[in-house]
Amino acid sequence: MKIIRYQDPDRHILHGWQAADGEYYEISGDLFGAWSASEEPASVAKLLAPIAPTGILCIGSNYRQHVAETNGKMPEFPVLFMKGIAAIQNPGDPILIPAFLPSTEVDYECELAVVIGRACKNVRRSEALEYVLGYTCANDVSARDWQSKWGGSQWCRGKTFDTFAPMGPCLVTPEEIPNPNTLPIRTIINGETLQESNTRDMIFDVPTIIEFLSGSTTLPPGSVILTGTPQGVGMARKPPRWLTPGDQITIEIEGIGKLTNPVETEALA
């Protein structure tokens, strides 16, 4: 099932589901508890990111070909960093290039996002997918200058500006994606495909990531895990390919859909 999160004409925030013909219908109940899909049409005024995360945990350097293009070292354990929840952006809304803390090196990263559906801790790899509510497309937007030069040796400053975590367009439930490590994934900017790979190129697959992140650590319902990006990022190109105002960027994952956002510059008061 494809689950959406939306705003109705009265600005209520609700969940619904998308039928095969593209029509939207209401969902009643709690996605992290008991819920049911109805046949009542949903009044969708605006499509939102499909989840309001309780936290965003991100895995870096997790595709073999991406590690190779950056001349990196294959990690022994998953590389963890975090984004703030204010970085979330809706489908169709703009990615904002920072102006108050200016950046001239804003990059794109297509990623498979995993949403945890119930609290998990010390989960074994063999049971890890039982805790997944669903999967969606994400863009781990990254200001490389802040990430590598001005972030105090931490990645988070360059990764967690407002709008730097677009997600959507929907959340696909696990029965439609029994194996999340067989999915074609790509980034398209202004009609040009710049990243194209398959989630099977992950160094640490989704069950391994969940096992690692839940080790001695509770992942609450609503935790979002970004699982890394494949080769083709802007910083590895010669010359580098940075996002600029006017760009239109689409993240596409087979079986989930397309997440599209325009690029604009942050407006200062």
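Q: Where does Arg11 lie?
A: This model is predicted. Arg11 sits in the loop between β1 (2-7) and β2 (13-18).

Q: Why is Arg11 called exposed?
A: Exposed means over 50% relative accessible area. Arg11 has 67%, so Arg11 counts as exposed.

Q: What makes the phi of Arg11 worth a mention?
A: The value is positive, near 70°, in a residue other than glycine.

Q: Which phi value does Asn71 have, and where is Asn71 placed?
A: Phi of Asn71 is near 55°, a positive value, and Asn71 is not a glycine. Asn71 belongs to the loop between α1 and β7.

Q: Why does Asn71 count as exposed?
A: The cut-off is over 50%. Asn71 reaches 71% relative accessibility, so the term exposed applies.

Q: Why is Phe77 called exposed?
A: Its relative accessibility is 52%. Phe77 is in the loop between α1 (64-69) and β7 (79-83).

Q: What kind of peptide bond runs from Gly168 to Pro169?
A: The bond is cis, with omega near 5°. Pro169 is part of strand β14 (residues 165-172).

Q: What is omega for the cis peptide bond that joins Lys238 and Pro239?
A: Omega is about 0° there. Pro239 lies in the loop between β17 (223-226) and β18 (248-253).

Terms used
Residues numbered from 1 in each chain as written. Predicted model: local features only at pLDDT ≥ 70, side-chain atom pairs only at ≥ 80, totals over all residues. Heavy atoms only, no water. Helix = DSSP H or I, 4+ residues; strand = E, 2+ residues; numbered from the N terminus. Buried < 20%, exposed > 50% of the residue type's maximum accessible area, 1.4 Å probe, protein only.
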